[in-house]
Amino acid sequence: MPAVTALKPVAAQVQDAAARVWPESSKIWPGTVLKDRRVILGDGTRARMVTVDGVTDLSPAELRKRKIDIPRGGSSYALWDGHPVVILNVADPSYRTDSATSGMPLAATLFAAATDELFHATQQKWRAWKKGGGELRGTDFPLAVTPRLYRAMAYNDLVAAYTTPQQRSRRLAGAAYWWSRWQKEFPDEVKRASVSDIGDGAAGYFGAVAMAMAMGAKRGDLAAIRKYTQLKPLDGTVDPGQVTLDGESTALGGVAGLLLDETRKDWKRQVTQGRRTPVDLLLTGVTPVAEPASDTLRQAIQNILSKLNTDLIPQVNPLVAAYRDTSHALVLVPMNTAEGDLDAGGYYVSREVPYEILARLNGTFRLPSGTLQAKDASVFVGTVGGRAYLIIPLGDAGTKGRESSNRVEFGGGTLTGSFQVSPRHADGREQLVAR
C-alpha cells in the first residue's frame with residue numbers, strides 16, 4: 001500500500017485490502033464472517049462506503065436517511081441494510097499519528113482499525129465470553145514496573161522464537177520463565193488479564209494475519225506471513241501503549257497465535273470455547289529456563305511508568321477519594337448513549353474501587369434529556385444492575401458536577417453538559433441515573 005491521504009484513493013486502497021482478506025476471514029479464525037461487512041470513510045465533507053465488491057459515494061442526504069453520522073473522532077458501529085458497518089472519521093489526526101508510528105500507510109491503518117472492530121464484534125458469540133465472570137479490565141494503579149517487565153520480556157522471547165526458528169526452543173523456554181514468574185507473583189492480575197489476553201490477544205493475531213494477507217501473503221503460506229508481519233522486540237524506545245495490560249494482550253496474543261499456527265492446529269477452538277489464552281496454550285508443557293532481564297528495557301519501562309504515574313495521580317486520586325466518600329451521589333450515564341467511538345487514555349483499576357478507571361476520556365453522550373461532553377475526563381466505568389454505565393462521583397473536583405431538582409449539571413471542569421436524572425438508593429448510597 002503506497003502512502004496516500006485523499007479520501008478517494010484511500011478508500012480504493014482500503015477496498016483492495018478488504019477484497020483480498022475479508023472473504024477469507026473464516027480461514028483466519030473459524031466462524032468469522034466479514035465478506036458482507038462494510039466500512040464508511042468520511043472526512044467531514046465527503047463519505048465513501050467500502051465493501052468487498054467496490055466503493056460507493058455517499059451523499060449527506062443518504063447518510064441522514066440512514067440516520068448515520070460520521071463520528072467527530074475515531075469510529076462508530078451501525079447497521080446498513082442489516083449488515084454491520086464500521087464508520088471511520090478519516091480526518092481524525094490519531095489515525096495519521098498511528099500511521100506514522102507504525103510506518104504503515106494511512107489506508108492500511110484504517111483497514112486495520114475497521115477489521116479489528118468487526119472481528120471484536122464476532123467475539124460476543126464465543127463461549128469464552130458467555131462464561132465471563134465480569135472481571136475488571138485495566139492495569140493496577142499506581143503502575144508498577146515488575147509485572148510490565150515480566151510480560152515485556154515474555155513478548156521479546158516470543159518474537160525471537162517466531163522470527164528466528166533456529167532459536168525457538170531456547171526462546172520459548174525463556175518466555176515460559178517470565179510467564180511463570182508473572183503468574184506466581186501477580187495472581188490477581190493474572191485473573192483480571194484473562195479476558196483481555198483472550199479477546200485482545202485473538203484480535204492481535206487476526207489483525208496480524210489480515211495485514212499480511214492484505215500485503216500479498218496467502219493464508220496458508222506461513223513463510224510469507226512471517227515476512228510481512230515484521231515483528232520487532234521491545235527495546236529502549238517503548239511506546240506507553242505497549243506497557244498497559246490491554247496493549248500487552250494484543251501484542252502477546254498476536255505473536256503467540258502465529259507460533260501456534262505452526263505447532264498446534266486446534267488452538268483457536270480452545271481459545272473460543274474455553275478460558276485459555278494463546279500464550280497459555282503455547283507455553284503448556286514448555287520447561288522454564290531462567291534468563292536475565294534486559295536492563296535497557298527495565299529502565300525504559302520505569303521511565304514511562306514514572307511519567308504516567310505523575311500524570312495520573314492528580315487525576316485518579318481525587319476521583320477515588322470522591323468515590324470512597326459515600327455522602328457523594330454517583331451519577332450513572334448509560335454507556336450505550338455514547339456518540340461514536342470513545343477515546344480514552346487507558347483503563348486502570350484500584351483496589352479501593354469495584355469499577356474500572358477510565359483516564360482522559362474524550363467523547364459525547366447524547367441522552368433524551370440532554371448531553372454530556374467529556375474532555376480529558378477521568379471517570380469510572382462499570383456494570384450496575386446488569387447494565388454498563390459511566391460512573392461519576394459528584395464530589396470529584398475535576399468533573400465539577402452538581403445536582404438540583406432531579407437534574408445534574410457539569411461545568412467548569414473536564415465534563416460539561418446537563419441532563420435529567422432519576423434518584424435511587426442502592427449499595428448504601430444515592431445513585432442518580434441519567435434519563
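Two residues are said to be in contact when they have heavy atoms within 4.5 Å, and this meaning of contact is used throughout the walk through this predicted model.

With that in mind, begin with the helices α7 and α11. In helix α7, which covers residues 145–163, the residues Arg148, Arg151, Ala154, Tyr155, Leu158, Val159, Ala161 and Tyr162 meet a set of residues in α11. On the α11 side, this set consists of Leu245, Glu248, Ser249, Ala251, Leu252, Val255, Ala256, Leu258, Leu259 and Glu262. Sorted by class, the contact of α7 with α11 has 13 nonpolar, 1 polar and 4 charged residues.

The geometry of this pair can be described through the helix axes, which come within 10 Å and cross at roughly 30°. Because angles under 35 degrees count as roughly parallel, α7 is roughly parallel to α11. The crossing of α7 past α11 is left-handed.

Helix α11, which spans residues 245–263, also has helix α10, residues 222–229, beside it, and the axes of these two come within 11 Å and cross at roughly 165°. An angle over 145 degrees counts as roughly antiparallel, and therefore α10 is roughly antiparallel to α11. The crossing of α10 and α11 is left-handed. From α10 the contact draws on Leu222, Ile225, Arg226 and Thr229, while from α11 it draws on Leu258, Asp261 and Glu262. These residues divide into 3 nonpolar, 1 polar and 3 charged.

Turn now to the strands. Strands of a sheet pair through backbone hydrogen bonds, in either a parallel or an antiparallel sense. Here there is an open sheet of 5 strands with mixed pairing, and the strands follow the order β3-β2-β1-β5-β4. At its edges lie β3 (54–58) and β4 (75–80), each of which pairs on one side only. From one strand to the next, the twist averages 25°.

Within this sheet, β1, made of residues 38–42, and β2, made of residues 47–51, pair in the antiparallel sense over 4 bridges. Which residue of β2 is the bridge partner of Leu41? The partner is Arg48.

Finally, helix α1, residues 7–21, packs on the sheet and touches β1, β2 and β3. The direction of α1 makes about 15° with that of β2.

Terms used. Residues numbered from 1 in each chain as written. Predicted model: local features only at pLDDT ≥ 70, side-chain atom pairs only at ≥ 80, totals over all residues. Heavy atoms only, no water. Pairing = 2+ DSSP bridges. Axes fitted to C-alpha atoms, helices over the stretch in contact; angles between N-to-C directions. Parallel < 35°, antiparallel > 145°, perpendicular 65-115°, else oblique. Left-handed = near helix turned anticlockwise from the far one by under 90°. Nonpolar A, V, L, I, M, F, W, Y, C, P; charged D, E, K, R; others polar.
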